[in-house]
Every structure is written in structure tokens, then in C-alpha cells.
Amino acid sequence: MWPYHPELLETPVPRYTSFPTAADFDVLPACHYRTALERTQGDVSLYLHIPFCEQICFYCGCNTGKANKRKRLESYLRALHREIETVAALLPRGTRVRRIAFGGGSPNAIAPVEFLRLIDALTIQFNIDEPVFSIELDPRTMSREWAQVLAAVGVERASLGVQTFAQHCQQAIGRVQPEELIVQTVDWLREAGVSSINFDLMYGLPGQTLDDLEDSMHRTRVLGADRVALFGYAHVPHIVARQRVIDATNLPDRHQRFAMASAGFGYFLTHGYVPVGFDHFAKAGSDPLAAAATSGRVRRNFQGFTDDPSDVLIGLGASAISSFPGLLAQNEKNSGRYRMKAGDGQLTVNRGIHRSADDRYRGAIIERLLCDGRSRVGARLLAEVAPRLEPFIDRGLAHIDREWLSIEPDGLPYARTIASLFDAYRAVSPRQFSSAV
Amino acid sequence: MNEPFLSRTANFCDACTVRNRAICGDLDNEEIVALNAIGQRRHLSAGENLLWEGDDAVVVANVVEGMLKLSTSTADGKEQILGLAFPADFIGRPFGHSTPYSVEALTDVLVCVFRRADFDKFAREHPRLEHKLLERTLSELDRTRKWMLLLGRMTAEQRVATFLLDLSVRFPVEEEVGTQPGAFALRLSRGQIADVLGLTIETVSREFTKLKKAGVVSLPNRREVAIEDREALEDLAS
């Protein structure tokens, strides 16, 4: 097991899917986003947010609503189609789309025909060049038609919300999905030619034991998952109101959570997976993310750890975040206001932050530390963090060799905390994040 | 929908030449009668529009005869061709609110038109049709992808070759009465072909001449073409 130093994990830290983080966003007029789009060059990636699920799980902090309100879903999709036109018209002709990701919510909460129409619209509006398609899927709403459509579109990567195979944990989080459902989904996806299947798993769930976790990891491997993302359940009912339903007395304590994260890491490491960042794993030798990890090409973005080399990500849909070298911009979160603005042909961005040269420098260090476990750090910045880095170096969790700061293998669970030392925003605004492990 | 050019014939489905290939192909007789009752046949002359982009999606249609052009206008006001519709193709967006493209008849056209609300209701009540709809949406995506590739990445030679192959497949020669064996009608003028392929008339004419000189096609007259060497044409298209 990793060495446990609870005193170093006391301060909750961000996940750094961007830097600055979404918590540091401020009001941002949409015209800044417009300018960033108009100045974009080269290859871009698209993310489409489908904030609907057939059933809402108790634990989920995503911006989602129930899909059963047909009218609302239809008017959302109409607005999304309109946003696709608005945004595409602003991009210079030379920009090429090389990656298209669908996330949510559950993109398969919409009908397969609706998904096809979105692909059709993207094909018409953007300059799409043999893109890599990826999609998040809810196994509970997976169908043969969906598999047929994924095959026709050429979706290569899919991510399944599995979370746990333990029935008592599934009940506790309001996500009951028998194993047969996962097996059927994997079969359909393989038949459809999906070559990279990710399983999202969780530790720290109510009532979950180490044995439960190991059993889930074992089943995940046997089912042939190409990638695994192992997240700690963040119990923050003061932020995610729907979590109030979950019985907090039954949650594993901090030490148990640490042991679970450690066991998870050890399991995948010894069963043919390459660790990617601090919570992703990819099958060695076959999955492109594993190849990226071994050659230092992993990047951090809103979807986690990725092999996407593009510097520009355009987010479409309510609450979606776009990322440019000099700007982070978030679409209107409120679904009603999003539908109204986007449906009217307006850009809906209303929050975000400009990334200053200092932000970019610090952001690059944070990204490299999280993705590669090491980063070059300039003398000035190293001097700034030195006192706060000391406890980690003293305990053998990190070391400095000239201008290189490296996190030791044992220091992995502390990677986010070490990275946060370079986050100038945290020093001034202590906010509530989930704990690092 | 009581305009004079609409005609409602009791059993036009019986004599329909595309019925086996069209979206209604899998329906049984009873269902066909029901669908027939909500459909109307409509003739369009070349140049007439069936749908306008951005309109409320009032109708959907099966193409029975002729060719139509699907297009949208880009942000800078230019016309962007999205593809061609041939007999047995389905156009319009069931379960959609607005029409994402304009549809214009390139030749004289016969279509079988349904009010969208009627069609949606029928599709909901007949799962077989709903499944067909998925297939049609898949072929619509194929058409879009193909056309975007054609306009965005193909040379003039590839575009013309692709167009001729398409035409030969969509209007099988056996249904044709050409002036020489294997010949089929081009249906479109050089100017129309240039328009849909994003080329100039001169380029289209030049490509036709090149293909003829190479013995890949023969051109019995200005309105007909015969493919002499299909393999060579396929090579040129790819």
C-alpha cells in the first residue's frame, strides 16, 4: 500500500481538469468567446453535452435532468443544432475537427435517430476530417439500434458508467444495473466495432468493502475493459442536493478510502494495465491511451486524461466548457436560458476566465505533474513553493533534481496536492473540493 | 393542402414503381392502405421547391420519379449542396421541427407527400416504419458524408466519375430506353451538373470529353451517357 500521510491530504484540492479551474471562473461576456473562435487555427476537438439521463443516480454531480420530459429534450436538441450552426460559422475555414466527444448525462438518453441528426449537422457545418468519435453510454438505456448507429457513425471509443458490480452498493447509490446488462452492452459495442471501451468505476461508495471493489475490478478486467477510470465517490450533499438521499453513516472513512485507491492502483498495475495520470488505467500494448502514457503524450482535459493533442476544445450544449490557449469559456448552465439564447442564434457563454501567461505557465506545470509525474519548474516558482513542498520531499514522496520536480511512485496519491502548490488561485480562495483520495 | 396540383388517387400505391425500395417497403397491405390514406401524390416541375430550409417541417416525402437537390445556405450566404435525392429516397425530417435543408426539383418530379404530423403519428403506431426511419436516417448521413467529401476533397475528375456511377446505380439501365445499349439519361444539363458538383460548366464539359477520349464512357448525345469501362470509372472515382 501507498504510505498514508493523512495530514498531507487534509486540504481538499481540485481535480485540475483545467487550469484555472471552473471554480475560478467569473462573469465573461460572450464576445470574448466569439473572438477566440474567430482566431482559432489548426485542429480542434468538439465536445457535445447531452444533459439528460433516463434515471438520475443519487451520487451524480453532473448537470443533468430526467429524459422523460420529451418536449424539453426536443427543444434542447433544437437549440443544440442551432448552436452548432452559430459556432461553426465563426470558425475560420482552415480549422479541422479531428475529435468529437459526446458526454453528459447520458448521450444515449436521446433517440438513435436524434444522434444521427446531430452527426449529420456536424458533418455539414464543420470541416470534419476523419475524426475520432467517442461517447459516454448508460448501459441501462443501451439498445441494438444504438449499437447499429454507433457502428454506422464509426464510433471507436465508448465509456460505460459501471461504477460497481456490487448490488448493495448499486442500491445505495440508486443505480441498479445487473451484470447481464453490462455484458450485453459490451457485446453490442464490440460487434459495432468499438475498439476502446472504458469502464468508470468508483471506490468509497456507501457500504462498499475492499472485497466489493476487488470483485468489481476483477469483473471489469474479465469483461475486457480497455480503459478504466477509478474515481473516489465525493460525498458533498451541501453541493449536490440529490446526495442527501444517501446514508452517510455507511461511507468508508478516509483511511479505508485511501486503502481502496491504493488497492485499485495495485490491481490494475499487476493485471496488464498502464496507469494514466492518477486515476486512469489503459490496457498495455493495445489501447492508444496506454501508448500515449508510455511516451509522455497524455493531456488533461475536461473528460479526464486523454491522448488528444489539440489545444482547442469547443464545448457545445448547456454548461459545456470551451478551452483555448488563452481562454476558458463556459456556456450558460441553466437549461432554459441556454435553450432561449442558443435557439436565438446567440453564443451562450456567460462565465469563464482569460488565461494569463502566468496561468499558462502554472497550468503547464500542473498538467505535466498530473500526467507524467514530473515537470520542469523555473527557479522563481520553485523558490515560491519550496516551503510547502518540503513536507512531501521530507517524506520521500517527491524530489527535486536541478530544475525538475518529480513525484515518486509512492507519491502518486499526493499528486493533486503537490500540483495544487502551483495554483496561485488556491492560496487566496479556499473553497470546498472533494478530497484528493 | 388543397392545392390543385395535389391528386389523391384511390390506390396509387399499387402501381408505385419504388414501393419495394421505399420506406413503405416492409408494410403489409392493410398498413399500405392506411398510409395511402394520409399520402398525396404531387408533381413538381424542374426548378420548383418542395421544402424551404428553416421552414416548419410541414411535410415529408418519398421520391417516386425524378431527381432533387438538397441544399442549405452557409453563414456567408452561399448555397451549400448536401446531395441529391433519387427515386425511393425519403426526404424531410419526421419527428423534427424545422427543415434543415431546401429541396428543389432538378427534373420533373413525382413525390408522395405526407403531412409530417400525420406521418409521425403513423410511424409511432407502426414500429416497422419507425425502424425503417432509422435506416433512412443512416442513409441520409451517408449521403451527407459522401457529398461533403466530394465537395471538400475530390478533384473534378473524381466528382464527375462519382456522379456518373451514382446515376447509373440509382437509375438502373434496364429501366432506361436509351439510344444505344447500356446508355442512360443524364437528366441534368451540363450547367446543373456543374452546380451540384461545385464545378464550372467548362470543367464539366472538359471532364466528359476526357472520359470519352479515354474510352471510359460514350456520349451518344448531349442528354445520354453509357458507361463503357465501369472498372476504370470506379478507379477514377476513388
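Mentor: A starting point: domain bounds come from an automatic or database domain assignment. Keep in mind that this is a predicted model. For chain B, the assignment gives domain 1 as residues 6-150 and domain 2 as residues 154-237. Taken over C-alpha atoms, the centres of domain 1 and domain 2 of chain B are 26 Å apart.

Trainee: How many residues of domain 1 of chain B are in contact with domain 2 of chain B?
Mentor: Contact here asks for C-beta atoms within 7 Å. By that rule, 9 residues of domain 1 of chain B meet 9 residues of domain 2 of chain B. On the domain 1 side, strand E6 (79-85) and helix H3 (127-153) of chain B each supply at least two residues. That side has 7 nonpolar, 1 polar and 1 charged residues.

Trainee: And between the chains, how many residues does the contact take from chain B and from chain A?
Mentor: Chain B gives 14 residues and chain A gives 12 residues. On the side of chain B that touches chain A, H3(B) gives the most, with 9 residues. By class, this side of chain B has 8 nonpolar, 4 polar and 2 charged residues.

Trainee: Which residues of helix H10 of chain A are buried?
Mentor: First the general idea: an α-helix has 3.6 residues a turn, so residues three or four places apart point the same way. In H10 of chain A, residues 335-343, the buried ones are Ser335(A), Tyr338(A), Arg339(A), Lys341(A) and Ala342(A).

Trainee: What comes just after H10(A)?
Mentor: There, Gly345(A) takes a positive phi of about 80 degrees.

Technical notes
Residues numbered from 1 in each chain as written. Chains lettered and ligands numbered in written order. Predicted model: local features only at pLDDT ≥ 70, side-chain atom pairs only at ≥ 80, totals over all residues. Contact = placed C-beta atoms within 7 Å. Helix = DSSP H or I, 4+ residues; strand = E, 2+ residues; numbered from the N terminus. Nonpolar A, V, L, I, M, F, W, Y, C, P; charged D, E, K, R; others polar. Buried ≥ 20, exposed ≤ 12 C-beta atoms within 10 Å, placed from the backbone.
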